[in-house]
Amino acid sequence: MKDVSQADPVTRDAVGVIDVVLEGGPVDLPADLRSRQVARAEEKIKVLHYGGYEHFERGATPLAVDLPVVFRWTGRTRIAE
């Protein structure tokens with residue numbers, strides 16, 4: 001599959017990649033982890049952060065094509081040792 005990261009939003013959505021923003025969770029979660037691209041079908045995202053995973057679930061899809069989909073923080077799990 002060709003790189004679509006620099007393509008316009010409509011092209012990325014057509015090939016199944018959307019821009020998302022992660023809201024909530026720990027205040028020290030880096031900004032570069034809060035903005036990403038994922039497959040359109042994704043409903044949940046987990047982010048490795050300080051010995052655990054921060055969990056985010058998809059919110060409502062925005063009406064405008066060029067706006068990112070918001071995933072809201074739902075909780076944290078620790079990595080078992």
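**Exercise 1. Determine how many helices and strands the protein has, and in what order the elements follow one another from the N terminus.**

Solution. In this predicted model, the secondary structure comes to two helices and five strands. Reading from the N terminus on, the elements run α-β-α-β-β-β-β.

**Exercise 2. Work out the order of the strands in the sheet, and state which of them are edge strands.**

Solution. The five strands form an open sheet in the order β2-β1-β5-β4-β3, and the pairing within this sheet is mixed. The next step is to look at the ends of that order: β2 (35-39) and β3 each pair on one side only, and they are the edge strands. Neighbouring strands of the sheet are turned by 40 degrees against each other on average, with direction ignored. As a closer look at one pairing, β3 and β4 are joined in the antiparallel sense over six bridges, and Val 47 stands opposite Glu 54 in β4.

**Exercise 3. Identify the residues of the largest nonpolar core, and find which element gives the largest share of this core.**

Solution. The core has 10 residues, namely Ile 18, Val 20, Leu 22, Leu 29, Val 38, Ile 45, Val 47, Phe 56, Val 69 and Phe 71. Assigning them to elements shows that β1 (17-23), β3 (44-49) and β5 (69-78) give two or more residues each, and that the largest share, three residues, comes from β1. In soluble globular proteins, nonpolar side chains tend to be buried together.

**Exercise 4. Characterise the protein as a whole by its burial, its accessible surface and the sequence separation of its contacts.**

Solution. Of the 81 residues, 27% count as buried. The accessible surface comes to about 5,600 Å², of which 56% belongs to carbon and sulfur atoms. Finally, among contacts between residues at least 6 apart in sequence, 37% join residues at least 24 apart.

Conventions: Residues numbered from 1 in each chain as written. Predicted model: local features only at pLDDT ≥ 70, side-chain atom pairs only at ≥ 80, totals over all residues. Heavy atoms only, no water. Core = buried A, V, L, I, M, F, W, Y, C linked by side-chain atoms within 4.5 Å. Buried < 20%, exposed > 50% of the residue type's maximum accessible area, 1.4 Å probe, protein only. Helix = DSSP H or I, 4+ residues; strand = E, 2+ residues; numbered from the N terminus. Contact = heavy atoms within 4.5 Å. Areas by Shrake-Rupley, 256 points an atom, 1.4 Å probe, with all protein chains shown as cover. Pairing = 2+ DSSP bridges. Axes fitted to C-alpha atoms, helices over the stretch in contact; angles between N-to-C directions.
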